[in-house]
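Please look over the sequence and the model shown here before reading on.

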Amino acid sequence: MQIHYRGYESGDPRIKPAAGHGLDRPRELPDEMDVLIVGTGPAAAVVAAQLSRFPSVDARAIEKRPGRLEVGQADGIQARSVETFQAFGFAGEVIEEAYRNVEMCFWKPDPADPSRIVRASRAPDDATGISEFPHIYVNQSRILDYFLRDAERAPGRIVPDYGIEFLDCAIDPEAEYPVTARVRHCAGPRSGEERVVRAKYLVGGDGARSSVRTALGHRLHGDASMHAWGVMDILANTDFPDIQVKCSIQSHDAGNILLIPREGGYLARMYVDLGEVDEANPGAVRATPIEDMIAKADRILHPYTLDVKAVTWWSVYEVAHRITDGFDDVPAELTGSRHPRAFILGDACHTHSAKAGQGMNVSIQDGFNLGWKLAAVLEGRAPEELLDTYAAERKVIAQNLIDFDREWSGMMAKPVDDWEDPSELEHWYVKTMEFPAGFMTRYEQSLITLGTEHQELAPGFPVGKRFKSAEVIRRADNRWRHLGHFHEADGRWRVYVFADAAAPALAGTPTADFAAWWTTDPASPRVRYTPAGGDDDAVFDTKVIYQQDYTEVEPAAVPAAFKPTKVPYGLHDLNQIFAAGHGRDIHRDRGIGAAGAIVVVRPDQYVAAVLPLTARAELSDFFARHLLEPEHRLADTPRDIPREVHIGARIPLG
């Protein structure tokens, strides 16, 4: 964490000073706003946390519940989500309190006595090192707490307006505030009172029964499996040896269990197979009492016993796989001719089983995808065309999720006698590990993602996929750090310059030549799009990673492009210079050769481009497609930093 560059800060650096709309934020929901967020589920909470970091954006979040969510249904957190938590600054806290999954055990009928189950095999959770972050379990309510705490601590100070429900809306794309929404107080002394508010954009993260989806005229389409599952969070005594390990448990004739340990060391979640739904009487299985569910779990676990002391939450559900016909308010026939003003995300646009642990995780990525784009457009840094990419990108991902979950949930419900290969389930689990870990997402070529013409320069950073971090030595303090962990959810583009094999120099090498162009040429994106009066790296977080050992890299030989100046005191940031050392070599680990490469990463951590160090026109053209020049550019206004700041004159604190 970098602090003090604006002056000494004595308080908690995670709590940013209020600014913009965060100053004297009115308690009452205003009549007009930039963004109206409906719901505080995972997707909506991410959007709130993201927009709160941009205090010039007036965003409000309404929630029909009277307060925070206390018991959430989701609990599985994939490694990709933990990477996202890192961008918002709370990954370490979540990992500390969560259950950490290290392996999955597969239990099957004992061949010698099928009435008994035995442990047949184990599969490590991440045998290939797909991420440095773990696969964890923690209640959804805690994840919402973290995101909403982040929103409250950010300069915009977004705090949900609880006890207000969204009813419906009308959208006039040509109006100053295109969205006219009708809302109603549903808790407190004003319960029942209706009012109308207006917004430039509407974000619907209000769950599977989304009122925003209904207002936009969209419907969920898909099918149900006609197979029911009971889910229960229990506190129990048992002699089953793997009660604190993730397990797939297949009995001979009593059904199956997916066991998910929970945080804290005592709580466990069981998904209990309740069998096929009777089409003539579908309500029968859905009315299964908790006592019957516990009894069935006990039968499946034979010869082990389950003595349930408390049930903290339970439900019965039928597996359904559905996706909405639209992710925004633009009719299919008008796509490309007008830009969206309303969006739906999370469970509002895709529903599936809980057993693949994808619902909350995919919803978080929906929110991360949309949040930075809304901020860029509302702050005038990007054209409205940028918002078209939300639906284009996320609908494909949602369909992939539906397809994966249909296969996974079908396999989980499959009777043991129907398997040709008794080990097929665990083989499939290991083979498809990248998907449930959250790393199969790959965005296609678009306005904000280039093609793969230069992929061979950095094969370890596939274009369109998330930036896979690796360890480097930060030259400022000679410590090894994960490069990707510096990627904050601040809306900035990352430009990673993986230097050529020449030693660090101020001129005469491909890296130095790029640095000179990046900082001085009128065609350079940094020159064109960085506004006057701010930090050099306000739009582009530019880092250099040298191939040499860190002992051979001296900051004096590093171009100024990689030592950005911070306002108001003109401090040079030396923390953007990295190298190899202590066995860490990111060039080797990600397949980057002697020629080096430029890796451009989007604000949501996905690789947008891999280019050679000489790719001036390609880089300029790429950013020209989706960035707007500020009224006053940094290059147009020479810095006038008082000399006394540099020589240690008395300066104000805070």
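How many residues has helix α4, and how far does it reach from its first C-alpha to its last?

## Basis of the report

This is a predicted model, in which local features need pLDDT of at least 70 and side-chain atom pairs count only at pLDDT 80 or more, whereas totals for chains, interfaces and linings use all residues. Residues are numbered from 1 along each chain as its sequence is written, and side-chain values use heavy atoms, with hydrogens and water left out.

## Helix α4

Helix α4, residues 140–153, has 14 residues and reaches 20 Å from its first C-alpha to its last, close to the 20 Å expected at 1.5 Å a residue. Helices (H or I, at least four residues) and strands (E, at least two) are DSSP runs, numbered from the N terminus, and the expected span of a helix is 1.5 Å times one less than its number of residues.

Ten of the 14 residues of α4 are buried, so the helix is largely enclosed by the rest of the structure; here buried means under 20% relative accessible area, exposed over 50%, and partly exposed in between, with a 1.4 Å probe and protein chains only. The buried residues are Q140, S141, I143, L144, D145, Y146, F147, L148, D150 and A151. They pack against several elements, including α1 (42–51), α2 (79–88) and α8 (359–378), where contact means heavy atoms within 4.5 Å.

## Aromatic pairs

A search of the whole structure finds 27 aromatic pairs. Rings of Phe, Tyr and Trp (its six-membered ring) pair if their centres lie within 6.5 Å, and planes under 30 degrees apart count as stacked, over 60 as edge-to-face and the rest as tilted. The rings of F88 and F368 have centres 5.6 Å apart and planes at 55 degrees, so this pair is tilted. The pair links distant parts of the chain, with F88 in helix α2 and F368 in helix α8, 280 residues apart. F88 counts as buried at 3% relative accessibility, and F368 is buried with a relative accessible area of 1%.

The rings of F540 and F623 have centres 4.9 Å apart and planes at 75 degrees, so this pair is edge-to-face. F540 lies in strand β22 (residues 540–549) and F623 in helix α14 (residues 616–624), 83 residues apart. Ring pairs link W372, W493, F514, W517, W518, F540, F622 and F623 into a cluster.

## Charges over rings

The charged end of R466 sits over the ring of F439, 3.8 Å from its centre, and that of K566 sits over the ring of Y5, 5.1 Å from its centre. A charge sits over a ring if NZ of Lys or CZ of Arg is within 6 Å of the ring centre and within 35 degrees of the ring normal.
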